[in-house]
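Have a look at the fold first, then go through the notes below.

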Amino acid sequence: MKASSNPVLGIDASRVSTARAGIDNYVHHLLPGLVRAWREGGGEVVIFSADPEVATHVDPPVRVLSGGGRGWTQARLAGAAKRARLDVYFSPIPVLPVLAPMPCPSVVTVQDLLEFRPRWWYFRRLIGHALRRSAAVICISQATEQDVAVAFPDSAEKLVVVRLAADAALFHEASAGEAEADREAGRALLGRLGSEERPILAVGTIQPRKNYHRLIEAYARVLREGQSLPPLLIVGQRGWQFEGVVDLPRKLEIEGRVLFAGHLEDAEVALLMRASLLLAAVSTGEGFGLPLVEAVYSALPLLASDIPPFREVAGNAALFVNPLSVDGIAAGLSRLVHDDAKRRELVDVG
């Protein structure tokens, strides 16, 4: 590693896509502050990405080097880091080259281990290698830190918890001066998405662990009991095994009551949080739970899974339910929709 009075930080943004979610959002929102902080310390920054526009929101501009695509991390990353004369490398995922060691200290991030579990026999070795080679390992919650410490006890001393945060410029209560215009904008957006009422909002990519199938079944159960509910609006791109979720409202004969908005920009999600009745986040597993924080910033009541990351994030500002119980989710939906006082209490606590 070279000695330098202007240390160079390399940031891997090779996975950031146009329809940002999860890790994409993590990197996108981290870039401006991380670049600014490193520069204030006298350093230089380069970003690796296949998209030269990936850092257009960083001011002043930062250099973007080609990176990403098939085989990027294992076949080309170490060489690119050496050519860029990096002093430190930052990755939003816990993967580093196996055969070619990095020419500088590396800091990797663990969002959670859930996505790796289906192929744990493979990823356990790959992640273990990265954690051993890393100078530090960022975990986005205490719950994730505990999971990593159990799975990789030799790395426990390297783990550092750095929680996520909402963008307060977007996620906030409407001020008195902007309240009416904000309501009008919210109604217009809801109308475009097919809702004329303040909906029950759910945010996240459609994939199994988001537990949308139980949420929709619970929603249908409350309707079958004769109770009134506003529409259920699900915001998020279609991930893996989405077909059953998208088709479920038709099977349950509640088409038109469950709306799928697809991917929306951050500003639109923020507007929806101010225009909705409550946020339903009933995942079976998460690394953190950023929509919960964004909802609290937006004064939106929370119905949340009783899982460790959500307890850590929401504290007492949510009505917690068993994510494996359709009856429990249904009871939670019914209570928060019809109990104005409980919704106000959760907002006040948040």
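A residue counts as buried when its relative accessible area is under 20%. Keep that in mind, and remember that this is a predicted model.

**Helix H3**

- Helix H3 covers residues 120-133, and its buried residues are Trp120, Phe123, Leu126, Ile127, Gly128, His129, Ala130 and Leu131.
- What do these buried residues pack against? Their partners are helix H2 (72-83), strand E5 (106-110), strand E6 (136-139) and helix H4 (142-151).

- E5 and E6 run parallel and are joined by 4 bridges.
- Across this pairing, Val108 stands opposite Val137 in E6.
- To get from E5 to E6, the chain passes through H3, making a β-α-β crossover that is right-handed.
- E6 also pairs with strand E7 (residues 159-161), in the parallel sense and over 3 bridges.
- Here Val137 turns up again, standing opposite Leu159 in E7.

**The nonpolar cores**

- In soluble globular proteins, nonpolar side chains tend to be buried together.
- The largest nonpolar core here has 49 residues, and the ones touching the most other members are Ile11, Ile47, Leu201, Leu233, Val235, Leu272 and Met273.
- Helix H8 (residues 266-275) gives this core its largest share, with 6 residues.
- Another core, of 32 residues, lies apart from that one, and its members include Val95, Cys104, Trp120 and Phe152.
- Which residues does Ile11 touch, leaving out those up to four places away in sequence? They are Leu31, Leu34, Val35, Val45, Val46, Ile47, Phe48 and Phe90.

**Helix H9**

- H9 takes in residues 290-297, with Leu292, Val293, Glu294 and Ala295 buried.
- Those buried residues pack against H8, strand E11 (278-281), strand E12 (302-305) and helix H10 (308-314).
- After H9 comes Ala299, which has a positive phi, near 60 degrees.

Definitions and conventions
Residues numbered from 1 in each chain as written. Predicted model: local features only at pLDDT ≥ 70, side-chain atom pairs only at ≥ 80, totals over all residues. Heavy atoms only, no water. Buried < 20%, exposed > 50% of the residue type's maximum accessible area, 1.4 Å probe, protein only. Helix = DSSP H or I, 4+ residues; strand = E, 2+ residues; numbered from the N terminus. Contact = heavy atoms within 4.5 Å. Core = buried A, V, L, I, M, F, W, Y, C linked by side-chain atoms within 4.5 Å. Pairing = 2+ DSSP bridges. Right-handed = clockwise from strand over helix to strand, strands pointing away.
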